Amino acid sequence: MAEILDGCGRAFHIVNLGCKVNRVESDDFAARLLSQGASCASLSEADLIIVNTCTVTGEAEKKTRKAVRQALRANDSARVVVTGCAAAID
């Protein structure tokens with residue numbers, strides 16, 4: 001997780017899509033980042049945006065693509081990291 005913060009600021013935003021497993025993973029990402037001195041921020045103010053994705057259904061896949069596009073548009077200076085099912089499949 002430390003290497004994700006390398007080269008970016010210290011503010012992060014996590015977008016969570018999907019199941020309870022994703023929620024637990026997103027909470028773990030946040031806890032690790034907070035323990036390294038990072039802070040939560042809005043989508044437009046974050047230096048790092050993590051999109052934890054789901055592709056269980058066609059609708060979930062559609063929401064995933066939309067969330068990634070939204071993150072990229074909302075903050076063109078942030079590092080956007082896509083993780084979860086969609087990242088493993090695509």
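The legends below describe close-up views of a predicted model.

Local features require pLDDT of at least 70 and side-chain atom pairs count only at pLDDT 80 or more, whereas totals for chains, interfaces and linings use all residues. Residues are numbered from 1 along each chain as its sequence is written, and side-chain values use heavy atoms, with hydrogens and water left out.

**View 1. The protein has four helices and four strands.** Helices (H or I, at least four residues) and strands (E, at least two) are DSSP runs, numbered from the N terminus. Read from that terminus, the order of elements is α-β-α-β-β-α-β-α. Of the 90 residues, 37% are buried; buried means under 20% relative accessible area, exposed over 50%, and partly exposed in between (1.4 Å probe, protein chains only). Among contacts (heavy atoms within 4.5 Å) with a separation of 6 or more, 78% link residues 24 or more positions apart.

**View 2. An open sheet is formed by four strands in the order E2-E1-E3-E4, with parallel pairing.** Strand E2 (39–40) and strand E4 (79–84) are the edge strands; each has a single partner strand, so one side of each lacks a neighbour in the sheet. Two strands pair if DSSP finds at least two bridges between them. Strand E3 (residues 48–53) is joined to E4 by six bridges, and the two run parallel. In this pairing, Asn52 is opposite Thr83 in E4.

**View 3. Helix H3 packs on the sheet, where it touches E1, E3 and E4.** The direction of H3 makes about 175 degrees with that of E3. Axes are lines fitted to C-alpha atoms, for helices over the stretch in contact, and angles run from 0 to 180 degrees between N-to-C directions. Helix H2 (residues 20–35) lies across strand E1 (11–16), E2, E3 and E4, and runs at about 175 degrees to E1.

**View 4. The buried residues of H3 are Ala60, Thr64, Ala67, Val68 and Ala71.** They lie on the same side of H3 because they cover an arc of only 95 degrees around the axis, the arc being that of the directions from the helix axis to the C-beta atoms. An α-helix has 3.6 residues a turn, so residues three or four places apart point the same way. The cover over the buried residues includes E1, E3, E4 and helix H4 (85–89). On the face turned away from the buried side are the exposed residues Gly58, Lys66 and Arg73. H3 has 17 residues and spans 24 Å from its first C-alpha to its last, close to the expected 24 Å at 1.5 Å a residue; the expected span is 1.5 Å times one less than the number of residues.

**View 5. Thr64 lies in helix H3 (residues 58–74).** Thr64 counts as buried because its relative accessible area is 5%. Apart from neighbours within four places in sequence, Thr64 is in contact with Leu17, Thr53, Cys54 and Ala86.

**View 6. Cys85 takes part in no disulfide.** A disulfide is a pair of cysteine sulfur atoms within 2.5 Å, and by this rule the count is zero. For Cys85, the nearest cysteine sulfur is that of Cys54, 5.1 Å away. Cys85 is partly exposed, at 31% relative accessible area, while Cys40 is exposed, at 56% relative accessibility.

**View 7. Asp47 sits in the loop between E2 and E3.** With a relative accessible area of 28%, Asp47 is partly exposed. Asp47 and Asn75 are 28 residues apart in sequence, with 8.4 Å between their C-alpha atoms.
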